[in-house]
Amino acid sequence: MLLLLLLLFKGLCCHGKNTAVASLLPCLYTFSTCHSPLSVPQDPAPHYLAAEEPLCFRLLHISSFANHSWAHNQGSAWLGELQTHGWDTILGTIRFLWPWSEGNFSKEELTHLQELFQLYFHGFTREVQAYASQFQFEYPFELQISAGCTMHAGDASGSFFNGAYQGLDFLSFQGSSWKPSPGAGSQAQNVCKVLNRYLDIKEIVQILLWHTCPRFLAGLIKAGKSELERQVKPEAWVSKGPSPGPGRLQLVCHVSGFHPKPVWVKWMRGEKEQAGTRRGDILPNADGTWYLRVTVDVVAREAAGLSCRVKHSSLGGHDIIIHWDGYSILLILICLAVIVTLVMLAVIGSVFIKHSSNWNVLSPHVRNPAFPNTQDPRSSGHQLCLAQESWIKNRFLKKWKTILTQLW
C-alpha cells in the first residue's frame, strides 16, 4: 500500500513539478504525535513548563475502509497541542486554521502542497483497496499513518514515520529502512520487505523527514510565535461532587481559563499525592483556553488536610494551592455578608426609633398640624417606620436564609 503511494510521489518528483514538489512532500508526511505514534497526547506529567519541551509538528491521517468500494479519510495537522491545519474531504482542500498556518511557504509552494494532498488521498485509497487482499487486510479495517519532526532550541532534533493497522503499531521508518513493529506479524514483515527493495523511495522519505519537515516547522514556529507564547493564568476552585457512598466525599478541583494546554493538577495531603486522584479530559473553552477537573473520593472524616495543587507555565513557578476545610470560601463570604447586613439593619432601626422619638418631643406649635399626633405610638407615621423596618429585616433575613439552606 505505502509502496505505490511513494511511487506516485516519486513520479511527481520526476515529472514537471520536481524540485518544488519534492521540497513540499514532507508537509504531507507530518501527521503524527510527538509522544505517541498514533494518538493526540494527553499531558498528565509534571513537566508543565512548555518552553522546556521540544516542539513538534505532527500530522494524523486515518483511513477507514468499509469494503472494497467505500473509504473515508480524515486528516489534521498539529503544532504541539494546537491544531493548525485540517483537510476538507468534500472540497479536497487544506483548511488553514490560523492566519500564520502557512508558515514561510510561498503561495506557489502551498498550491503544490494542496495538489499533492489531493493526489495523496485519492491514490492512497485506490491502491489500498487494490492491494488489500494481497496484504491480507480484512474488511472493515482502519489504517493510520503518522509522521513528523521535532525542534528544540531552534534546531531539528528528530523525525518519525509510523503506520498502524486496526489501531495497532504496524511499521515504521527508522534510519534508512522500513521495519515491522514488534508483534505486528508476517503482514508487516511482507510490506517492509517489499518497500525496502526501493532505494530511491527510502531516499525520498529521508529527505521529507529530515530536511523539508524541519524547514516548514521552523517557519511555522516563527509565524505563530505570539500564539505559541501566549500565557493565560488558570483560575481554580474546589467543590463537593456527588456522594460516592455513605460516609464518603467526592472532592472536585476545577481549573479553568489556562493556556497553553499542558497543566499539572493533583489532590495532595501535605507534599504527597492523595491516592485515588482521578484526572478528567482537558476540554476547550470558547475563548481558546482550557478547562480540567480532578476528583478524589475519600472518607468524610479524612477530607480535612487535603489540598488541590496546580502547576502551570503561566504561574512562573508559584503554584496555586487551595485547601479543603469542609467549607467553601463562597459560603464563608455569604455568612460574613449576612452578619454585616444584620448589623446595618440594627443601626438603621435604631436611627428610625431615635428619629421618631425626637419628633414626638417637639412642641405642638412646631409640629405640622396636618400630621396626626405623633406622641401616640399608634400614629400612622410611627407605624409606617416600624412596618418598613420589619419588612426590610424579614426580606433580607428570608433571602439569606434561603441561600444558606441551598448552599449548606
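Analyst: Happy to! Let's start with Arg-215, which is partly exposed at 33% relative accessibility; here buried means under 20% relative accessible area, exposed over 50%, and partly exposed in between (1.4 Å probe, protein chains only). Its side chain meets that of Glu-109 in a salt bridge, 3.3 Å from N to O, the term standing for a side-chain nitrogen of Lys or Arg within 4 Å of a carboxyl oxygen of Asp or Glu. Arg-215 belongs to helix 5 (residues 199-223) and Glu-109 to helix 3 (residues 107-131), so this pair ties together parts that are 106 residues apart in sequence. Helices (H or I, at least four residues) and strands (E, at least two) are DSSP runs, numbered from the N terminus. Glu-109 itself is buried, at 17% relative accessibility.

A word on the ground rules: this is a predicted model, where local features need pLDDT of at least 70 and side-chain atom pairs count only at pLDDT 80 or more, while totals for chains, interfaces and linings use all residues. Residues are numbered from 1 along each chain as its sequence is written, and side-chain values use heavy atoms, leaving out hydrogens and water.

Now for another pair: Arg-309 forms a salt bridge with Glu-271, with 3.4 Å between the closest N and O atoms. Arg-309 sits in strand 16 (residues 306-311) and Glu-271 in the loop between strand 11 (264-269) and strand 12 (272-273), 38 residues apart. Arg-309 is buried at 14%, whereas Glu-271 is exposed at 62%.

Lys-107 also bridges to Glu-102, at 3.2 Å; Lys-107 is exposed at 58% and Glu-102 partly exposed at 23%. The count comes to nine salt bridges.
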